[in-house]
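Here is a friendly walk through one protein model. Have a look at the picture and the sequence, then read on.

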Amino acid sequence: MESLSPFAFVTIVTLIAGAGGTGLGGVVGALFKSESNRVVSILLAFAGGVMTAMVCFDLLAEAIEASETLTDHGVFLVVLAIVLGVIVVYGLNYIIDNHTRKEVPHTADAAHPNTHDDIDELIHADHLNEHLREGGSRASLVVAGIVMACAIALHNIPEGMTIGASFAISDDLMLGTGMIMAVLIGLHNIPEGMAVAVPLISGGMGRTKAVLLTAACGLPTLLGAWLGLWLGDIGPFGLCASLGFASGAMLYVVFGEILPEAYLLCRSKTPAFAVMAGILLGMVIIFL
């Protein structure tokens, strides 16, 4: 790996995090039925804490430093980029919600929550359960899985930007911020891969084909990584914009997706302590 160019290295690592993470989720969805909600909750919360530390103490610090070479009030450029990152990822999630909401009749009910109140709803897996309860056709399950695959593929682009932007400021490709972000995002992609594979397989698609399709929806992560890496190399403005956008996208992923999932899986104080432990570990990694 050391003989590879930085571009090739980032490409390989991002493929593993994107396609590998969702593909692994597909394998898990195809082979196992996980009941260890508490363990998954702790892992999600811990990863969310590490991500928060990496964003707040590393990515944003670098973004502000780059912005100060452009203007005396560069922090406002960073804030603007963060807001844009949040808006883009929230908008993608809104599109996902609207499309999956049309998949089954129960979502047409006015009482159906916009902010889902259980883990099945949060990851749209309850749509599968509703299809089964209502005797929906197997073909409709495959359609639901394909819709979810397309939505997650689109959602993975800003996550890829986080990886690329993180590598742009990493002095050590193997042990720097970029590699840590790639690992964390790869772990985050596992439950997303499960949400795609389960309806596909339940609808009659072969396990191998379903896993391959699930892995494919992680490929757009690579486009985001290339864009984040390119922006980070074109000067202070590009670095400020890419790091700020990536930070906003990742903050929404953490606080809008990962932590809600963690708390819904384990309704106790345990995830809170896991988040704090993750933040502390992230600080140690950054400042050692």
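Leu173, setting aside its neighbours within four places in sequence, is in contact with Pro6, Phe9, Phe167 and Met179, where contact means heavy atoms within 4.5 Å. You'll find Leu173 in the loop between helix 6 and helix 7 (177-202). Helices here are DSSP runs (H or I, at least four residues), as strands are (E, at least two), and both are numbered from the N terminus. Leu173 counts as partly exposed, at 23% relative accessibility. The cut-offs for that are simple: buried is under 20% relative accessible area, exposed is over 50%, and partly exposed is in between (1.4 Å probe, protein chains only).

Before going further, keep in mind that this is a predicted model, in which local features need pLDDT of at least 70 and side-chain atom pairs count only at pLDDT 80 or more, while totals for chains, interfaces and linings use all residues. Residues are numbered from 1 along each chain as its sequence is written, and side-chain values use heavy atoms, with hydrogens and water left out.

**The chain as a whole**

What does the secondary structure of the protein chain come to? Along the sequence, the pattern reads α-α-α-α-α-α-α-α-α-α-α. Of the 288 residues in the protein chain, 52% are buried. Take the contacts between residues at least 6 apart in sequence: 79% of them join residues at least 24 apart.

| Pair | Apart in sequence | Apart in space (C-alpha to C-alpha) |
|---|---|---|
| Leu173 and Val10 | 163 residues | 8.3 Å |
| Ile82 and Leu251 | 169 residues | 8.7 Å |
| Ile285 and Gly176 | 109 residues | 8.9 Å |

Ile82 sits in helix 3 (residues 75-101) and counts as buried, at 17% relative accessibility. Leave out its neighbours within four places in sequence, and Ile82 is in contact with Leu60, Gly244, Phe245 and Gly248. Ile285 belongs to helix 11 (residues 270-287); with a relative accessible area of 33%, Ile285 is partly exposed.

Is Ser166 buried or exposed? Ser166 is buried, because its relative accessible area is 0%. This serine lies in helix 6 (residues 138-168). Beyond its neighbours within four places in sequence, Ser166 is in contact with Leu59, Thr177, Gly178 and Met181.

**How some helices pack**

Let's start with helix 1 (residues 6-31) and helix 8 (residues 207-216), which pack at an angle of about 150°, with their axes 7 Å apart. That makes helix 1 roughly antiparallel to helix 8. The axes are lines fitted to C-alpha atoms, for helices over the stretch in contact, and the angles run from 0 to 180 degrees between N-to-C directions. As for the labels, under 35 degrees counts as roughly parallel, over 145 as roughly antiparallel, 65 to 115 as roughly perpendicular and the rest as oblique.

Helix 1 passes helix 8 in a right-handed crossing. A crossing is right-handed if the near helix is turned clockwise from the far one by less than a right angle, and left-handed if anticlockwise. On the helix 1 side, Ala19, Thr22, Gly23, Gly26, Val27, Ala30 and Leu31 meet Arg207, Val211, Thr214 and Ala215 in helix 8. The residues of this contact divide into six nonpolar, four polar and one charged. In this sorting, Ala, Val, Leu, Ile, Met, Phe, Trp, Tyr, Cys and Pro are nonpolar, Asp, Glu, Lys and Arg are charged, and the others, Gly among them, are polar.

Helix 1 also packs with helix 9, at an angle of about 145° and with the axes 9 Å apart. The crossing of helix 1 and helix 9 is right-handed. Here Phe7, Val10, Thr11, Thr14, Leu15 and Gly18 in helix 1 meet Thr221, Leu222, Ala225, Trp226 and Leu229 in helix 9. That contact has seven nonpolar residues, four polar and no charged.

Helix 9 (residues 220-232) has a crossing with helix 10 (residues 236-265) too, at roughly 145°, and their axes come within 7 Å. Gly228, Leu231 and Gly232 in helix 9 meet Gly238, Leu239 and Ser242 in helix 10.

**A word on cysteines**

How many disulfides does a search of the whole structure find? The search finds zero, a disulfide being a pair of cysteine sulfur atoms within 2.5 Å. Cys56 is partly exposed, with a relative accessible area of 34%, whereas Cys217 counts as buried at 4% relative accessibility.
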